[in-house]
Amino acid sequence: MATIAFLFYYVFPYIAVAVFFGGLAYRVYRWWQKKLAPARFSLFPRPQSRLGRLLDALVDMFTLKGLLRVNPLLWAGGFIMHLGLLFVLVGHVRAFTDFYFLWKLLNWGKEQQHTFSAVAGTIAGTLFTIPLFYLLARRWSGAVKWLSVPEDFFVLLLLISIALTGFHMRLLRTVEVEELHRFFAGLASFRWQPVPESAGPAFIWHFALVQVLMVYFPFGKLSHIIGSVLSKMVARS
Amino acid sequence: MLTKFLDTLRQRITRPLQYYQDICVRCGACIDACHFYVTSGHPAHIPAYRMMLVKKLLQQGGNGRKGLLGWYRETGMASEQMVAELRKALWECTGCRRCSVFCPFDLDTALMVNVGRYALGQEGMGMEMVAEIGNAEVSKGEIIDALKEFFVDQVRELAERIRQEWGVPDLRIPVDEPARVLYVPVVGEHAIIPLAKIFHAAKESWTLSMFTATNHSFFVGDIEKAKQAAHWIVEEARRLGVQVIAYAECGHATRTLLNFWDHWFGEELVGIQRVSVVQLVASYLQEGRIQVQPGAFDVPMTYHDPCNLGRNAGIYEEPRMLIRAVATDFQELTPNRELNWCCGGGGGMIAEPDMLEVRMKAGRPKVEQIQRTGARWVVTTCENCKTQLADLSERYGLGVEIKGAVDLIADALIVR
């Protein structure tokens, strides 16, 4: 057990990062090997200019405005989940460095920084997690059950597990960010540092599950992070 | 099983199709989009499920490997049931692309269906009748010289009839003459008469194509043949030195003309403008080249956006402009434009007698839409839709009349 934990602390993170970026690059490379579409497969209405179409695709990608119009409930599930994820990711910057500039600008001390992070982090995590349960429940509902395959459950349960282990640290522990900074700086510089004890036992589970996610990410449906905008441009070609 | 299907499919997976297979998250937004699914409740009609079926077959590669990875990717040998589902998924689709509008990634199920149909055809599971008509359109160009005399005779008779009935002694229907506009009709005089009148009134320099706009090879996914059939028209246009090719009110043909021809013919089209005849007539009206009796038809009417003119070619406003010019009581269907329900008869099904029941069932959302407006006339701009809507009206006792937008204009023309 200790060996496995050691691997997830000090060895697998490198593999996960390499597979994540390498895998996404490989995915794009595989797409580019395929022949181009033999014609324009536009959907109308679409903006006239090329720039207009790109902007429209990006706006649609970040707001899902097309989905909002036809299925508000699914839009809420998908959009709020992604928005929460974005906030959570921004918050995780504090695991590696800190918003020193922001704290200085606001003239906030340690106490205020901590209170703000606790409140904002909990809200962001909630925005991320509750829609995940909705999306999971939806997998068994009505016609969606015909469309549900093992991958869908795997990805949803993985994300939920990551969220819950994160909540454990957020709500039940007081994590010293300096410990995290030291640990990750150690990983980045190959001068390994002791594990962040203040984060408690959930840390290794959280950290390991994220690595599983990163390794899986490029090879399944999650590659829509890149593919969705490419597909949108086909519909606006 | 299905080896030819899979081999053909593998060769024809283009970049967008690969995106679609890889990124579909099976969210189910498309479930409510498909008129086949909402009327049948059969999973093979859900757009995402159609995509999943093809993906599953491509991944298994026929080796039926099991194990954990096999379970995870849901592979397995193609079973009888799977083949039956595949045929349902690929042939019972009108290619209307309403699901693409619903999809948060704009995935084009219709494109995959189109490619899949061609692959099924290689396996001997095609729509023979549609493919045959497509072949006839391809070979027509080779024997056009032999057909010409007969065609010209028929057109001469038709022109004579219009002159007498309409009382315009100098109306002509030019065939194979150099002109500004080449008008490409669909089969049947109903596609020629209104335009002969409108072109006459607009004093347009025009000529009638000896070919038809329809391109059935496109429906069965045979793009090579579709290109050949359309190329006869390009040749004719270049031979006659026309500046404008105008396609009749026909959905799939208009879509290929406007969206695919650049890729198919490229430089051959330099100096030739391509339009739907609906756009051309709208421009006459706007420029004052023709005059119509405002409010000529005091009948409640509505407009059905054909999928291929609407969301697939972007012609939304011109038909409405034509209708408003002559109608007193025009009401929109709900939903309309890019969210309009498909009539249920597209994708070549009209030409396949076996498909009658399938399309009658799939047309139910359309019937309900029309009933809600209380319209007596349904105006549309696609030959396929017209046939399907007339069949629906009869089957469901709607009692509506189906009109083309250019028919309305032709019947309300003021000729001086």
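According to an automatic or database domain assignment, chain B comprises domain 1 (3-126), domain 2 (133-286) and domain 3 (297-411). The model is predicted, with local features needing pLDDT of at least 70 and side-chain atom pairs counting only at pLDDT 80 or more, while totals for chains, interfaces and linings use all residues. Residues are numbered from 1 along each chain as its sequence is written, chains are lettered from A in the order in which they are written, and side-chain values use heavy atoms, with hydrogens and water left out.

Between chain B and chain A, 51 residues of chain B and 46 residues of chain A are in contact, that is, have heavy atoms within 4.5 Å. The two chains bury about 4400 Å², with 61% of this area on carbon and sulfur atoms; buried area is the accessible area (1.4 Å probe) that two parts lose on being put together, summed over both. On the side of chain B, the greatest losses of area to chain A fall on B:Arg15, B:Arg26 and B:Tyr72, which together account for 17% of what that side buries. Seven salt bridges cross this interface, each defined by a side-chain nitrogen of Lys or Arg within 4 Å of a carboxyl oxygen of Asp or Glu. A salt bridge joins the side chains of A:Arg27 and B:Asp22 (3.7 Å, N to O).

Within chain B, the centres of domain 2 and domain 3, taken over C-alpha atoms, are separated by 23 Å. Contact here involves 25 residues of domain 2 and 26 residues of domain 3, and the area buried between these domains is about 2000 Å², of which carbon and sulfur atoms give 70%. One salt bridge is found across this interface.
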